[in-house]
Amino acid sequence: MDFLYNLLPHLVNGIALGLLFALIALGFMLIIGVMEVINLAHGSLFALGAYIALVIITPEGGLAMPFLENWFGIAIVPRYVAALILAPFVVAFVGMGLEFCLRRTYGKDPLYGLLLTFGAALVIEEAIRVIWGHGEYVLPIPKEIRGGFIHADLIWSTYRVYAAIFSIAMIGLLWLFIEKTPYGAIIKAGAHDSEMVRALGINLPKLRTLVFGFGTALAAIAGIIMAPIWGIRPQVGVDAVVPAFVVIVLGGIGSFWGAVIAGLMVGMVVGLTAAFFSDWSLLSMYLLLLAVVTFRARGLLGKASALEN
Amino acid sequence: MTNKFKAKISRRDLIKTTALTAAGATLAPFMGPWKYNRVWAADKPILIGLTHDASGQFANSGQAEKRGTIMAIDEANANGGVLGRKIEYIWADTETTPATGSRVAERLITRDEVAFMVGAIQSGVANAISQVCQKYGCVYFNTNSSSPTESGKNCHRVKFVWDGSGANFARAAASGAVTKFGKNWILLTNDYVWGHNTSKATQEILESLGGSVADNILVPVGTRDYSSILLKLQQAKPDVVATAVGGDDYKALRQQVQELQLDTKMAWLSNQLDWPDIYGAGAEAAFGVFAATWYHYLDLPGVDDFVKRYQERWPDTRMNVPGNVTYNGYVAMRELLRAIEEAGTTNNIKVIKTLEGRVMKADDRMQHHDAWIDENSHHVQQTIYLATRQDQPRDDSDYFKILQTMDPKEVANPGESACNLESYDDTPTYEM
Amino acid sequence: MQHAERWITREMLVAFLIFGTLPLWVDSVGLYSYIGVEVVIWMIFALGFNLLLGYTGLPSFGHGAFFGIGGYAFGWFQFNMMPNLWLALLFAIVMTSIIGALVALFVSHRRGIYFALLTIAFGQIFFFIASKWTSLTGGEDGMLNIKRLPADFGFVSFSLQDNTALYFFVFIVFALVVIVLWRLTHSPFGKVIRAIKQNEMRVGFLGYNVYFYKWMVFTISCAVSGLAGGLFAMAQEGAYVQVMSLQWSGIVVLMTLIGGGFVSFWGAVVGTVVFFLARDLLGTYTEAWLLWYGLMFMVLVMFKPEGIAGMWQDAVKALRRRQIVASSPSAHPVGK
Amino acid sequence: MALFEAIHVHKRFGDHVVLEEINLSFEEHKLSGIMGPNGAGKTTCFNVITGRYKPDRGQVIFDGQDITGKPPRTIAQLGISRSFQVMNVFDEYTARDNLLLAVPGVRQKGLNIVHDLANDIEFNAKASDVLNRVGLAGKEDVLASDLSYGQRRALEIGIALAAEPRILFLDEPTAGLGAEATAELSAMINRLKQDVTIVIIEHDMSFLFGLADHINVIHWGQVVAQGSPDELKANKWVQSSNLGKLA
């Protein structure tokens with residue numbers, strides 16, 4: 001009983017972590033599900049989102065121009081909200097630019113898409129180094145979501161509660177979008193099912209660009225949410241893209257709920273192993289992945305995909 | 001050909017002869033004229049290789065010490081150089097990666113032909129560099145890596161270690177903490193050489209004082225999310241948490257501890273708090289008790305002047321006062337240049353002999369006690385300060401309150417006897 | 001003569017001439033012997049890797065792991081068994097082959113992106129194990145003080161302490177690897193694996209055990225990577241975990257592709273040279289050299305995935321066509 | 001006894017029954033045909049009996065040996081060879097290399113890393129022979145990707161033939177060919193049928209009726225009619241369907 005009681009906080013921590021992993025993986029899932037492109041630049045775009053939020057929120061981000069003094073003079077809450085809205089747009093534009101480059105690889109081996117986005121990941125990360133330097137930044141956040149509380153053995157940081165709720169909200173919104181809107185129906189059908197898309201009278205290139213932009217905007221949002229937890233560094237992208245891809249492969253390519261469930265599973269496994277073998281905990285997610293994929297090649301809820309060829 | 005380097009042949013000769021034998025004697029005429037027969041003019045600049053990190057976990061610290069070493073070089077040049085020769089430097093990023101450190105060292109020595117090398121934050125990198133340096137006999141200053149093994153089992157004849165070691169800091173911090181806070185400790189250890197050895201030193205001292213370690217939690221390098229570790233601490237409720245976590249990892253830890261107000265629930269003892277790791281976080285982040293080798297508000301002559309010179313030389317830097325890392329870089333480089341001048345030559349063995357056992361006056365080093373370079377471990381024995389958070393800051397750069405000043409003898413690390421320097425004969429010699 | 005050509009080709013002789021004389025000219029072009037050592041070792045690695053990517057069409061994104069394991073195995077053997085160069089290198093090869101063969105059991109049933117994803121997962125697993133298993137690998141600090149063991153032939157023994165001597169040693173290993181891999185890729189085995197890249201299902205319908213071939217080629221590729229890793233540990237006098245990271249595994253993919261590994265045996269070699277030159281030369285002018293390198297890579301993937309070797313082949317083809325046109329005017333009657 | 005038999009074969013994909021109670025038998029030295037409208041299950045039937053899919057029920061017998069559910073490579077090694085409806089040649093290889101790969105002797109040397117394939121007289125002669133038979137003489141050194149569509153079709157059949165099969169399955173060999181090329185193909189198959197047992201899937205009735213000794217008609221996953229071309233022309237079901245009009 002004592003054992004379980006001790007375990008409980010780690011379980012809760014794991015679920016919270018899992019929600020964050022799911023949040024990181026959402027944009028990745030959207031792009032891979034619709035376009036069958038593995039966007040290895042997801043992590044770098046995630047990092048870029050955090051840096052752009054930094055620029056919007058604090059003069060330390062590099063935008064310390066005289067005419068912006070008034071902007072940085074106002075309270076932090078509106079600045080933070082503005083960052084949460086504007087940064088994803090900026091990153092979405094970068095993402096759409098990347099999609100433009102990707103067009104040349106459509107119809108070829110999906111490997112080329114993978115390679116191209118790997119190159120893009122490198123370029124974006126290096127560009128971040130050139131612009132913002134190598135050092136680590138701290139993203140200032142409003143007082144309201146700072147601090148923490150301790151209840152019995154459960155310590156809980158306000159920010160993590162906020163981040164978890166935010167993740168649930170994002171997952172819910174995306175689900176509504178996919179299930180309840182006509183765009184969602186198209187996305188669900190998948191742009192690779194081009195016959196159906198054409199039958200619906202949709203401009204396929206435009207759809208692809210939009211989906212890519214949308215997916216990368218989600219990466220940016222995840223980057224902003226994770227920034228206070230992981231810090232802002234150029235190489236933080238690798239920390240994001242690797243779990244994202246584990247979550248997607250585990251959940252099954254093309255499955256929304258697969259990604260959410262896999263995110264939670266990964267979070268719990270990492271959280272629980274952290275209770276006993278803290279320094280090995282990150283390894284646990286790969287072992288989980290291997291165990292699942294060995295028996296279910298397509299992951300938990302995966303559908304058949306052109307990527308298998 | 002299997003014999004080890006025989007002493008007293010110059011590095012240049014060494015490269016030449018082996019290249020020749022390997023390429024075959026018939027090729028000898030091709031090898032000669034291009035390069036190796038060139039004679040350096042006496043006023044040829046002395047070239048120093050700087051190996052400060054500019055990326056990776058210790059990018060910030062690397063750049064901080066670079067500011068220090070460059071200041072010392074500039075000041076020497078302004079005073080007419082060394083041996084009448086100008087000092088030049090060439091810098092390479094070691095990326096806080098041992099493999100890169102190794103390659104960069106090979107390159108600086110064999111291609112750029114530097115005479116000396118200076119710079120290190122992370123012990124793994126320092127180690128990799130010093131291995132290469134020892135092979136060529138190149139004198140190397142480890143400026144800021146404080147793993148006890150650097151001046152213990154991984155010491156080298158060509159390497160000099162300028163920062164206090166984790167064992168010194170542990171000695172300084174632990175004794176007071178046991179009586180003040182309690183005997184039940186948990187260690188947080190960054191998972192690499194510096195962390196392991198520092199925690200080991202802490203544990204030894206703690207146990208000799210009758211305390212015990214309840215748990216030693218390893219913190220992977222690059223950890224940003226401490227939630228599960230903090231949960232464990234909250235559940236275990238130790239008297240003291242002794243951390244050996246460095247760089248940006250430590251920054252993140254401190255922030256999260258503070259956010260959850262765990263700093264009020266248990267005593268936090270950190271081995272050493274490097275200035276670049278805290279600068280910008282505000283005085284309130286400097287909770288717990290920690291050690292340092294220098295602080296810009298030390299009440300000593302010369303400190304203010306040094307701060308001013310720093311600000312004039314680096315007006316644009318984010319860190320507008322020098323900290324211990326910059327200080328170490330500065331005094332190390334200054335001492336290297338003085339030693340060359342005193343030796344009257346750039347001959348590496350002569351410079352090494354000048355440095356060994358060298359005593360440096362307290363006033364000159366802006367510390368409270370005289371410092372000296374231990375001739376058996378090549379480790380600088382210096383004053384250690386114990387500090388905590390400043391509750392009445394003089395200005396917004398004033399984070400620390402100095403609690404105690406420790407004499408180098410009080411904190412000396414007996415573990416340095418593990419050091420076994422290579423003999424002079426086994427160290428290739430050169431003159432640039 | 002025909003028999004000799006089966007083993008040694010003209011391209012090989014050119015490559016051997018260039019790299020075999022490198023210590024004689026490397027200083028005069030502003031480089032240094034040690035960079036030559038690293039380049040040649042990475043060429044061996046890239047050649048082994050290209051068996052998978054270029055020949056079998058299997059994009060492994062976790063190959064740095066095997067390079068790293070080779071280094072640790074080399075170090076472990078000389079510390080704990082005996083300090084003999086040949087046995088230590090052999091041990092590095094055997095260990096990586098065994099581990100590679102086990103991994104291949106999991107991945108050889110997959111292809112394309114799924115193969116890439118699984119190799120990323122395995123690469124990460126080995127990376128983590130290596131960085132955590134401090135008692136064996138030295139963790140973040142690496143395995144230190146690995147010796148450059150002498151090349152002992154019984155009657156005569158060469159010290160490899162010096163960079164130039166070590167260079168000649170790794171060059172000879174490189175030459176042997178080139179000859180063996182060239183033969184391998186031009187044998188029936190090589191035919192089959194290239195066919196698997198083009199159309200895996202059809203190869204199965206021709207009666208070949210596709211999984212076995214993929215398993216085999218993965219294992220061989222790991223063995224070559226392990227050899228390169230062992231040499232690298234010797235060159236660096238230490239084995240470090242960073243080469244096992246996702247980034248380094250990706251960089252070998254980059255190198256091989258830029259060079260033209262998809263279309264040429266020599267692509268991997270060319271790509272490695274380009275990478276190291278870019279790092280050393282561009283790197284002295286700009287800290288952001290990897291940015292330019294990455295951009296170059298993106299442009300290549302978009303417009304010329306066949307890489308530098310592909311461009312070369314196109315140029316040769318165009319030249320030949322022009323020669324044919326020029327030498328046979330009758331084919332194009334005047335006045336038309 | 002027939003050389004190749006499929007007995008009570010069933011195949012479902014999810015809820016969708018594709019093949020139901022299929023019984024087929026192909027006699028040695030005969031050319032058999034399988035015909036039916038698009039989506040009737042012809043290709044699935046081929047895929048099941050050549051090992052690409054496992055049947056849910058039923059048996060596939062080759063030369064008295066049960067080969068049900070065996071992997072394609074095992075089936076191929078027994079001497080069962082097939083071509084594909086979608087072009088499946090090796091584009092990066094020359095015509096000769098495409099065929100060499102299929103030669104059983106080369107397969108047996110597959111793990112040999114010293115053998116010099118380019119200068120192996122015996123294997124190269126075999127490849128040239130097959131090229132002659134499928135009408136690609138002189139194209140030995142042309143890359144498969146540089147061949148014309150019709151030539152690639154011929155190469156596709158050549159690969160299947162080079163495997164020295166005891167029974168050769170051809171999946172819609174006329175797909176995408178014009179009238180002239182179809183006639184050439186017809187002549188070629190006519191020559192081949194002297195040496196090899198052949199099974200062809202086709203929806204081009206006139207093509208099949210001109211060649212086959214025995215034809216099975218598949219519709220809605222079932223065999224609806226069987227017999228020689230003449231018998232089928234008289235069959236009521238065939239007459240009442242579209243197929244009859246074509247014939």
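A contact here means heavy atoms within 4.5 Å. This is a predicted model, in which local features need pLDDT of at least 70, side-chain atom pairs count only at pLDDT 80 or more, and totals for chains, interfaces and linings use all residues. Residues are numbered from 1 along each chain as its sequence is written, chains are lettered from A in the order in which they are written, and side-chain values use heavy atoms, with hydrogens and water left out.

In chain A, residues 24 or more positions apart make up 75% of the contacts with a separation of 6 or more. Chain A has twelve helices and two strands, where helices are DSSP runs of H or I with at least four residues and strands are runs of E with at least two, numbered from the N terminus. Along the sequence the order is α-α-α-α-α-β-β-α-α-α-α-α-α-α. Of its 309 residues, 60% are buried, that is, under 20% relative accessible area (1.4 Å probe, protein chains only).

Chain A meets chain B through 31 residues of chain A and 29 residues of chain B. Together the two chains bury about 2500 Å², 51% of it on carbon and sulfur atoms; this buried area is the accessible area (1.4 Å probe) lost on putting the two parts together, summed over both. On the chain B side, R224(B), L231(B) and Q235(B) lose the most area to chain A, together 23% of what that side buries. Four elements of chain B, α3 (59-78), β7 (212-219), α8 (227-236) and α9 (247-259), each supply at least two residues of the side that touches chain A. The largest share, seven residues, comes from α8(B).

Conventions:
Buried means under 20% relative accessible area, exposed over 50%, partly exposed in between (1.4 Å probe, protein chains only).
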